[in-house]
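Biologist: Please show me the model. Then take me through the fold and the packing.

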Amino acid sequence: MSDWDKELKKIDRQPAAPKDAPAAARAEVLTERATTRTWGAFLRLALATALGVGILFWPYPKQCGVELVGYLAAVSVVTLAGLWSSLWTWRHRTARAHVLSLLLVVWGLLLGAMEVLPRIGYAKPDATRPPGFSCPAPGAGGINILRSGT
């Protein structure tokens with residue numbers, strides 16, 4: 001066994017509150033542990049997960065204009081909900097829930113990137129994600145109607 005193994009065993013055997021800490025500090029640590037419940041963190045995670053799954057069933061068009069802005073706002077809410085739940089899962093030391101929260105943040109960023117990147121010229125635009133954020137004028141059909149001489 002190496003010296004590191006001996007040192008790590010010593011650390012594992014140490015109590016959570018140091019013995020030389022004041023009694024008030026030790027009592028505060030014990031009270032915090034007794035009153036801390038993780039159900040609040042899991043409730044926040046459940047709400048954020050519901051938003052992350054629900055965004056897949058977005059019922060409105062999102063090609064351009066106000067509909068696109070609404071969708072991107074909803075995607076940012078998913079990302080913020082993931083951040084919100086990740087803060088709570090970090091505070092309550094729930095590792096698996098924290099990983100899921102971070103995955104929700106990545107999910108929100110991915111959904112936003114799928115809509116924004118083709119519009120700014122970084123990815124290839126297609127019919128569902130045309131270049132630009134604004135909608136073409138009605139009836140224009142991509143033809144310049146201000147052409148002079150014809």
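**Fold, packing and burial**

Modeller: Of the 150 residues in the protein chain, buried residues make up 23%; buried means under 20% relative accessible area, exposed over 50%, partly exposed in between (1.4 Å probe, protein chains only). This is a predicted model: local features need pLDDT of at least 70, side-chain atom pairs count only at pLDDT 80 or more, and totals for chains, interfaces and linings use all residues. Residues are numbered from 1 along each chain as its sequence is written, and side-chain values use heavy atoms, with hydrogens and water left out.

Biologist: How many helices and strands does the protein chain have?

Modeller: Helices (H or I, at least four residues) and strands (E, at least two) are DSSP runs, numbered from the N terminus. The elements run α-α-α-α-α from that end. The count is 5 helices and 0 strands.

Biologist: What share of the contacts with a separation of 6 or more comes from residues 24 or more positions apart?

Modeller: Contact means heavy atoms within 4.5 Å. Among the contacts in the protein chain with a separation of 6 or more, the share from residues 24 or more positions apart is 59%.

Biologist: Which residues form the largest nonpolar core?

Modeller: A nonpolar core is a set of buried Ala, Val, Leu, Ile, Met, Phe, Trp, Tyr and Cys residues joined through side-chain atoms within 4.5 Å. The largest one has 6 residues. Helix 4 (residues 65-91) gives the most to this core, with 4 residues. The members are I55, Y71, A74, V75, V78 and L111.

Biologist: Which residues are in contact with A74, leaving aside its neighbours within four places in sequence?

Modeller: A74 belongs to the largest core. Beyond those neighbours, A74 is in contact with I55 and W58.

Biologist: Which residues does the second, separate core include?

Modeller: This core has 5 residues. Among them are A48, A81, A97 and L104.

Biologist: Why are helix 4 and helix 5 called roughly antiparallel?

Modeller: Axes are lines fitted to C-alpha atoms, for helices over the stretch in contact, and angles run from 0 to 180 degrees between N-to-C directions. Angles under 35 degrees count as roughly parallel, over 145 as roughly antiparallel, 65 to 115 as roughly perpendicular and the rest as oblique. Helix 4 and helix 5 (residues 95-119) have axes 8 Å apart. They are roughly antiparallel because their packing angle is about 160°.

Biologist: How do the residues of the contact of helix 4 with helix 5 divide?

Modeller: Ala, Val, Leu, Ile, Met, Phe, Trp, Tyr, Cys and Pro count as nonpolar, Asp, Glu, Lys and Arg as charged, and the others, Gly among them, as polar. By these classes, the contact of helix 4 with helix 5 has 15 nonpolar, 9 polar and 2 charged.

Biologist: What is the angle between helix 3 and helix 5?

Modeller: The axes of helix 3 (residues 39-54) and helix 5 lie 10 Å apart. The two helices are roughly parallel to each other. Their packing angle is about 30°.

Biologist: Which residues in helix 5 meet helix 3?

Modeller: Helix 3 brings F42, L45, A48, T49 and G52. By class, this contact has 7 nonpolar, 3 polar and no charged residues.

Biologist: How far apart are T49 and S101 in space, C-alpha to C-alpha?

Modeller: T49 lies in helix 3, and S101 is found in helix 5. They are 52 residues apart in sequence. In space, C-alpha to C-alpha, the value is 8.1 Å.

Biologist: Is S101 buried or exposed?

Modeller: Leaving aside neighbours within four places in sequence, S101 is in contact with L45, G82, S85, S86 and T89. Its relative accessible area is 0%, so S101 is buried.

Biologist: How close do the axes of helix 3 and helix 4 come?

Modeller: Helix 3 and helix 4 cross at roughly 160°. They are therefore roughly antiparallel to each other. Their axes come within 9 Å.

Biologist: Where is T94, and which residues is it in contact with?

Modeller: T94 is found in the loop between helix 4 and helix 5. T94 is buried, with a relative accessible area of 11%. Leaving aside its neighbours within four places in sequence, T94 is in contact with T38, F42 and T89.
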